[in-house]
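Here is a friendly briefing to read alongside the structure. Have the viewer open and follow the residues as they come up.

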Amino acid sequence: MTFLDTFTIYFLTLLGNVIMLLMLVIFAKTTGFEGLMRYYIYGKLLQTIGAALGLFRWLIPVDLSIILGNSLVYLGGALEVYCIVYVDKMPIASVTKRWIQAAAGITAGFTLLYLAGADTGTRVFASAMILAVYSLAAAAGLYACKNTTNLRKTLAVFFVVLAVSQIVRALDALPRGANYPLFAASSLQMLSFISIYMHTLISTMAYLLISREVTDIKLKKAATRDYLTGIYNRMQFIQLSEKLLSLMIRQKKSTTIFMIDFDFFKVINDTYGHDAGDRVLIHFSQEVQSIIRKEDLFGRYGGEEFIIFAPNTTAEDAHAMGCKMKAALEVSLDKDTSIPWYTVSIGTATMIPENLADMDTLIVQADQALLSAKRNGRNQIVQFSSAGDE
């Protein structure tokens, strides 16, 4: 028993592609063609033209309609999946080249299959398996993403379901061979075409939803991270540190604040230029992140001044940590001659359980120790002491 004839479903698929394409163009013009949006629209356009050639194949020679129509659908589908997988980053040229080669190989393979005289069932089998591979590629890209989210995992499941439906269609078509009518009035055919229609909807929803999610993540990161180094900005650092300090107070554990400033940073900018100064700041932040513990908080306090919150850290631990940091910087600078040589001065302030202090107090104390390090000749570590800096 069937509820809709397959020709109607195929037509609705084409109509859905047209509507989605128009909505994407309007959306892109309103919000801007950011990232891979332009290429995603191109992919939809190719699929729409290919589907139209397949539906109205009597308008042009049948051979040309089948070859060109399917080729456009395969190329557009590959471009669509490419954009979904790499929606949050522009892949390197070698990756793009491999995608182009794979899409060209699929298109050429189907063309050769048709020219070799493959029957309808075999061609439908090949087409359905290609669509299944595309769906599985999208699912794998979404699920295996380094920064995958619940949204991406959910969409990946949808793509797997779509792939399974196409595999079922392929296995149904292959044994029928030449007796497999493209628009057969059967429940299985109806379901297979519905899955193609759902692919049109889900792929577009996936791209738009993930694009929005990526934008939201970037906005959140911009609000909490330093734009140059990627570490916490001052506001976020203070907020997180205050919460962690409260925990250390309840657990009666020592805590140390590091205030770190570059020595003669203006000389670096004046001598090598501000770009070199930026590279120095990035180099420093990367080296420090490789040294500090996971529980430590690291932020840019302002300009060339950085701050570290080290929970469960005594004054002795802090000094050892500062020495390790300075030694690592020297080794790294010896290896990387593209970075101008620099040194840093470090001031530390440690809260012990017997003498509780708030964040403002610890920062002031660490800053006073840093000033002492500067006055004493720079390129050294000074621990704050109520009796005088050490």
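Leaving aside neighbours within four places in sequence, which residues is Thr 314 in contact with? They are Ser 254, Thr 256 and Thr 350. Please keep in mind that this is a predicted model.

- You will find Thr 314 in the loop between strand 3 (305-311) and helix 11 (315-335).
- Thr 314 has a relative accessible area of 28%, so the residue is partly exposed.
- The side chain of Thr 314 makes a polar contact of 3.0 Å with the side chain of Asp 317.
- Thr 256, by contrast, sits in strand 1 (residues 255-262) and counts as buried because its relative accessibility is 0%.
- Between the side chains of Thr 256 and Thr 350 there is a polar contact of 2.8 Å.
- Setting aside neighbours within four places in sequence, the contacts of Thr 256 include Ile 308, Phe 309, Ala 318 and Thr 348.

**Helix 4 and helix 5**

- Helix 4 (residues 93-115) packs with helix 5 (residues 120-143) at an angle of about 170°, and their axes are 10 Å apart.
- Angles over 145 degrees count as roughly antiparallel, and therefore helix 4 and helix 5 are described that way.
- Helix 4 contributes Ile 106, Phe 110, Leu 113 and Tyr 114 to the contact, while residues from helix 5 include Arg 123, Ala 126 and Ile 130.
- Sorted by class, this contact of helix 4 with helix 5 has seven nonpolar, two polar and one charged residues.

**Salt bridges**

- The whole structure holds 10 salt bridges.
- Arg 212 and Asp 216 form one of them, with their closest N and O atoms 3.2 Å apart.
- Arg 212 and Asp 216 are four residues apart in helix 7 (residues 187-224), which means about one helical turn separates them.
- Arg 212 is exposed at 55% relative accessibility, and Asp 216 is partly exposed at 36%.
- Lys 374 pairs with Asp 261 in a salt bridge whose closest N and O atoms are 3.6 Å apart.
- Because Lys 374 belongs to helix 12 (residues 359-375) and Asp 261 to strand 1, this pair ties together parts 113 residues apart in sequence.
- Lys 374 counts as buried at 15% relative accessibility, and Asp 261 is buried at 15%.
- Glu 295 and Arg 293 meet through their side chains in a salt bridge of 3.5 Å, N to O.
- Shared partners link Asp 261, Asp 263 and Lys 374 into one salt-bridge network.

Technical notes:
Residues are numbered from 1 along each chain as its sequence is written. This is a predicted model: local features need pLDDT of at least 70, side-chain atom pairs count only at pLDDT 80 or more; totals for chains, interfaces and linings use all residues. Side-chain values use heavy atoms; hydrogens and water are left out. Axes are lines fitted to C-alpha atoms, for helices over the stretch in contact, and angles run from 0 to 180 degrees between N-to-C directions. Helices (H or I, at least four residues) and strands (E, at least two) are DSSP runs, numbered from the N terminus. Angles under 35 degrees count as roughly parallel, over 145 as roughly antiparallel, 65 to 115 as roughly perpendicular and the rest as oblique. Contact means heavy atoms within 4.5 Å. Ala, Val, Leu, Ile, Met, Phe, Trp, Tyr, Cys and Pro count as nonpolar, Asp, Glu, Lys and Arg as charged, and the others, Gly among them, as polar. Buried means under 20% relative accessible area, exposed over 50%, partly exposed in between (1.4 Å probe, protein chains only). A polar contact is a pair of N or O atoms within 3.5 Å; within protein, one must be able to donate a hydrogen and the other to accept it, and residues adjacent in sequence count only if both atoms are side-chain atoms. A salt bridge is a side-chain nitrogen of Lys or Arg within 4 Å of a carboxyl oxygen of Asp or Glu.
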